[in-house]
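Here is a short note to read beside the model. Please keep the structure open and check each point as you go.

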Amino acid sequence: EILPGIWTWSVLTEEKGLGFNGHLVANDEGCVLIDPPAMPVDDLEQAEKLGPPAAIIITNRHHTRDAMTPAGHFKARILCHEMDALGLPPAVRLGGVFRGGDRLPGGLQVVTLLYQKSPGESALVLRKANAIILGDALIGKPAGSLHLLDADKYKDVERARDGIRRLLDYPFDAVLVGDGESIVSGGRKAVEEFLARG
């Protein structure tokens, strides 16, 4: 449990030298998995006790990861942004779409981030935990610091950087990332420092 009501697990990728993180949100508004990498049996059992998850939220079309396994195990719907729905791998069975501003199970609010790696890149704001959950918008490497992916992942890296500024319109202290090390306290300051680096 990384924050009250939010659990995380990670799968290390040797190629990139960082962890791919999944998150589980469970509260009185529902239970969901976000960008799940492979889940060990113990984690599946814990998710069953906490929920079980009714939905699996994909923050961008590149983060389907191992979503089909828990989707089948829990009979959960896979949801992603409408602008990324057509770009999902054929093996992923989509159960619904969302758009910016939508409120999802678990009390998550969708924020669409413009000019990112994919058109539907979404941040998820969880006010109850004073946290924001990201997919590929920013990575946590090195620990305690936030960065964009490599510049060749974007059509226009400067516009991608400017698209991150929208996060500051929302309340959060923790930044939980899909790739690398999350920042459970001082995350807002880390986003401000990222933007100030230009």
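1. Start of α3. A side-chain oxygen of Asp 156 comes to within 3.1 Å of the backbone nitrogen of Glu 158, at the start of α3. Helices here are DSSP runs (H or I, at least four residues), strands are E runs of at least two, and both are numbered from the N terminus.

2. How to read the numbers. This is a predicted model: local features need pLDDT of at least 70, side-chain atom pairs count only at pLDDT 80 or more, and totals for chains, interfaces and linings use all residues. Residues are numbered from 1 along each chain as its sequence is written, and side-chain values use heavy atoms, with hydrogens and water left out.

3. The buried face of α3. Helix α3 spans residues 157-164. Ala 160, Arg 161, Gly 163 and Ile 164 are buried there (under 20% relative accessible area, 1.4 Å probe, protein chains only). Down the axis of α3, these buried residues fall within an arc of 155 degrees, so they line one face of the helix. The arc uses the directions from the helix axis to the C-beta atoms. The buried residues pack against α4 (187-196).

4. Asp 136. This residue lies in the loop between β10 (131-133) and α3. Is Asp 136 buried or exposed? Asp 136 is buried, with a relative accessible area of 3%. Its side chain makes a polar contact of 2.8 Å with that of His 63 (a pair of N or O atoms within 3.5 Å; within protein, one must be able to donate a hydrogen and the other to accept it, and residues adjacent in sequence count only if both atoms are side-chain atoms).

Definitions and conventions:
Buried means under 20% relative accessible area, exposed over 50%, partly exposed in between (1.4 Å probe, protein chains only). Contact means heavy atoms within 4.5 Å.
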